[in-house]
Amino acid sequence: MAPPTSGATTTSSGITLNVNGEKHTLPVDHRTTLLDALRERLDLTGTKKGCDQGQCGACTVLVDGRRSLSCLQLAVAADGREITTIEGVADGDRLHPVQQAFLDLDGYQCGYCTPGQICSAIAMIEEHAAGWPSAATADVRPEATPPLDPDEIRERMSGNLCRCGAYVNIVRAVARAADEVRADDTAAAKEAAA
């Protein structure tokens, strides 16, 4: 590509995406969404394109450990940040507790929304553990951590739609995974203290 002439603006940039522990350097048009960069440029097709308007949650990935709707985030805004897609949540052959719970409790039907549901649930469990309130939280004082009951889970996962209606099993799967993550964290803290 020829260098821009004086006064001209460039419409593309070279960026580095840190995806699932691997660095990928690529040129992108400034209008390219993170979702399109992941799917079309890096062939990571687990993240789905649903509404392309940020309303369904099928494109949810983790950016620096927090939920992000990749259809609304520009790829250039993710330059240098840690991105985790569904392809990167397992630990080798060991599924993440959320993945295992979805599998065990049939937290999916067609599976299209499942990658976004799982990424969202992983971050949501961490948000709850950190004491972040939701719209369903009755007591929002920092010292009052509400139980992660079905109402809390439904509210916290409300940005992820399932067109098949697998919500009952999704809530059960998230609850089980949250219990397992909490137990793992407790065991790790005890081991570190010993």
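**View 1. Two domains of the protein chain in a predicted model.** Domain 1 covers residues 12-88, and domain 2 covers residues 97-193. Taken over C-alpha atoms, the centres of domain 1 and domain 2 are 22 Å apart.

**View 2. The contact between domain 1 and domain 2.** On the domain 1 side, 17 residues take part, and they meet 18 residues of domain 2. About 1400 Å² is buried between domain 1 and domain 2, and carbon and sulfur atoms give 56% of this area. Within domain 1, the residues that lose the most area to domain 2 are Cys56, Arg67 and Ile86. Together, Cys56, Arg67 and Ile86 make up 42% of what the domain 1 side buries.

**View 3. Arg67 and Glu127.** Arg67 and Glu127 form a salt bridge in which the closest N and O atoms lie 2.5 Å apart. The count of salt bridges between domain 1 and domain 2 is one. For polar contacts between domain 1 and domain 2, the count is seven residue pairs, with both residues at pLDDT 80 or more.

**View 4. Strands on the side of domain 1 that touches domain 2.** Strand E3 (60-63) and strand E4 (66-69) each supply at least two residues of this side. E3 gives the most, with three residues. Sorted by class, the side of domain 1 that touches domain 2 holds eight polar, five nonpolar and four charged residues.

Conventions
Residues numbered from 1 in each chain as written. Predicted model: local features only at pLDDT ≥ 70, side-chain atom pairs only at ≥ 80, totals over all residues. Heavy atoms only, no water. Domains from an automatic or database assignment. Contact = heavy atoms within 4.5 Å. Buried area = accessible area lost by both parts, 1.4 Å probe. Salt bridge = Lys/Arg side-chain N within 4 Å of Asp/Glu carboxyl O. Polar contact = N/O pair within 3.5 Å; in protein donor to acceptor, adjacent residues only side chain to side chain. Helix = DSSP H or I, 4+ residues; strand = E, 2+ residues; numbered from the N terminus. Nonpolar A, V, L, I, M, F, W, Y, C, P; charged D, E, K, R; others polar.
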